[in-house]
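Welcome! Please open the structure in your viewer and keep the selection tool handy. We will go from stop to stop together.

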Amino acid sequence: MTIELTSDQACPCGSGQSYGDCCAPFHRGEAIPATPEQLMRSRYSAYALHNEVYLQQSWHASTRPAALELPLEMQWLGLHVIDAPVPEGNQGWVEFSARFRHAEAIEQLHERSRFVYEEGRWFYIDGRLPTTAKPAKIGRNDSCPCGSGRKYKRCCGSSG
């Protein structure tokens with residue numbers, strides 16, 4: 001089940017643009033991402049919106065899973081692009097971290113995604129965890145990673 005956003009709502013990818021001016025045209029098939037970073041951001045938004053169709057379409061056929069199961073209870077909280085160099089030839093990569101809530105815990109995914117340019121468009125190949133990546137541990141008195149500005153224990157870490 002895809003989550004719907006209106007065009008004027010903030011884009012989940014954190015670009016600072018509205019969804020209608022950012023990732024929506026990619027999701028609707030009206031535009032094609034011009035760079036690996038645009039594709040990665042649009043895929044993050046697709047995960048946040050549970051848009052399995054777009055995720056499958058933007059995944060390279062050589063590594064695409066037969067089916068995706070996106071847990072509806074998983075909530076994506078924010079994306080931070082760490083590095084997105086100019087692609088070399090038909091190869092590109094983007095390193096990012098993304099925060100999400102699942103099973104009442106807030107976790108972080110840190111990945112270096114690989115992309116390939118074929119048939120006039122970029123495709124996601126796979127992602128690798130950087131060797132220095134460590135799981136994020138959030139203390140009760142730390143700022144909440146959702147960006148609210150409140151302490152974790154008074155925000156996403158509260159039990160009720």
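Our tour begins with the cysteines: this structure holds zero disulfides. Please remember as you look around that the model is predicted.

**Stop 1: Cys13.** Select Cys13 together with Cys22. Cys13 takes part in no disulfide, and its nearest cysteine sulfur, the one in Cys22, sits 3.6 Å away. A disulfide needs two cysteine sulfurs within 2.5 Å. Is Cys13 buried or exposed? Cys13 counts as buried, because its relative accessibility is 0%.

**Stop 2: Cys23.** Now select Cys23 and Cys11. How far is the sulfur of Cys23 from the closest cysteine sulfur? The distance is 3.5 Å, to the sulfur of Cys11, so the two are too far apart for a bond. Cys23 is buried too, with a relative accessible area of 1%.

**Stop 3: His27.** Next, pick out helix H1, which covers residues 24–27, and find His27 within it. With a relative accessibility of 12%, His27 is under the 20% cut-off, so this residue counts as buried.

**Stop 4: around His27.** Which residues is His27 in contact with, leaving aside its neighbours within four places in sequence? Select Tyr19, Ser42, Ser45, Ala46, Leu49, Asn51 and Tyr54 to see them around His27.

Key:
Residues are numbered from 1 along each chain as its sequence is written. This is a predicted model: local features need pLDDT of at least 70, side-chain atom pairs count only at pLDDT 80 or more; totals for chains, interfaces and linings use all residues. Side-chain values use heavy atoms; hydrogens and water are left out. Buried means under 20% relative accessible area, exposed over 50%, partly exposed in between (1.4 Å probe, protein chains only). Helices (H or I, at least four residues) and strands (E, at least two) are DSSP runs, numbered from the N terminus. Contact means heavy atoms within 4.5 Å.
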